[in-house]
Amino acid sequence: MTEDHETPERTLGRPRATTHDVLAEIGVELFTRHGYEHVSVQQIADVAGVSRRTFFRYFPTKADLPWGDFAREVERLRGELALVPDDIPLMAAVRHAVVEFNRVPPEAVDQHRARLGLILTEPELIARSLVKFLDWRRVIAEFTARRLDMDPTSFFPELVGEVALSAAVAAYRQWIPSPDTDLSTFIDTAFAAIVDLDRLEQGVAAQLSTRLVTVGQDHRGITGTATIQELPESPEENVDETR
């Protein structure tokens, strides 16, 4: 993309941008109005009333802009998880935290819908999401690992992180083209479909760990293929009765 597109007019009365949020809001507005590929960093800076140098103090690339202060958001998700009592089952806890994390004030709904629409449809932003969502998944995996007394990088914490993210993204995709609907309802519905994962906390995780059978390694010592045998028919089967 070149920098020679006509610069969009600066909105009258808009204050100079000095935060992630204000810059992100301006960027999303311009991307939505003119198309992501047709808006340059210089144009965003001009509308915001700041220099390119100031822009890059907040965002390393244009593709980071729609995410706003994502590090802060990741910590907010961590905070929501920390508020859930330990006696709430694992996936119910994750479900509650992710639903609360995704509640959007009425005045911010349109901006949030536009932001997610860009992130999930623009090729450059889709590629960037692979990096951004790593931190999101890691927070869920760390929470799961603490609950299950496992390494955060082990199979089941990673699985819960992936499932939680997939549920959230599926909900985002359904919500974006559905005006007058509530995002938190879509999120809650998505998690309602995966409640059986609570069985991980009822002793099934340890049982399945013994069923994760490595059947081959390549010359670098990396696991080639692994299979997991069938789950028990119900949570009561093969569960440690002393828990």
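This is a predicted model: local features need pLDDT of at least 70, side-chain atom pairs count only at pLDDT 80 or more; totals for chains, interfaces and linings use all residues.
Modeller: Residues are numbered from 1 along each chain as its sequence is written, and side-chain values use heavy atoms, with hydrogens and water left out.

Colleague: Why is W67 called buried?

Modeller: Buried means under 20% relative accessible area, exposed over 50%, and partly exposed in between (1.4 Å probe, protein chains only). W67 has 7% relative accessibility, so W67 counts as buried. F70 has 10%, so F70 counts as buried too.

Colleague: What makes W67 and F70 an edge-to-face pair?

Modeller: Rings of Phe, Tyr and Trp (its six-membered ring) pair if their centres lie within 6.5 Å; planes under 30 degrees apart are stacked, over 60 edge-to-face, and the rest tilted. W67 and F70 are 5.0 Å apart, centre to centre, with 75° between the planes. That makes the pair edge-to-face.

Colleague: Why is the pair F55 and F59 called tilted?

Modeller: The ring centres of F55 and F59 are 5.8 Å apart and the planes stand at 40°, so the pair is tilted. Both residues are buried. Ring pairs also link F55, F56 and F59 into a cluster. The structure holds six aromatic pairs.

Colleague: How do you know that the charged end of R113 sits over the ring of W175?

Modeller: The test needs NZ of Lys or CZ of Arg within 6 Å of the ring centre and within 35 degrees of the ring normal. R113 lies 4.1 Å from the centre of the W175 ring, and its charged end sits over that ring. K62 lies over the face of Y36, at 4.0 Å from the ring centre.

Colleague: What makes helix α2 mostly covered?

Modeller: Helices (H or I, at least four residues) and strands (E, at least two) are DSSP runs, numbered from the N terminus. Helix α2 spans residues 41–48, and six of its eight residues are buried. They are V41, Q43, I44, A45, V47 and A48. The cover includes α1 (20–34) and α3 (52–58).

Colleague: Which residues touch the most other members of the largest nonpolar core?

Modeller: A nonpolar core is a set of buried Ala, Val, Leu, Ile, Met, Phe, Trp, Tyr and Cys residues joined through side-chain atoms within 4.5 Å. The largest has 38 residues, and V94, V98, W136, I140, I187 and F191 touch the most other members. Its largest share, ten residues, comes from α8. A second, separate core of 20 residues includes A24, I26, V41 and L65.

Note on methods:
Contact means heavy atoms within 4.5 Å.
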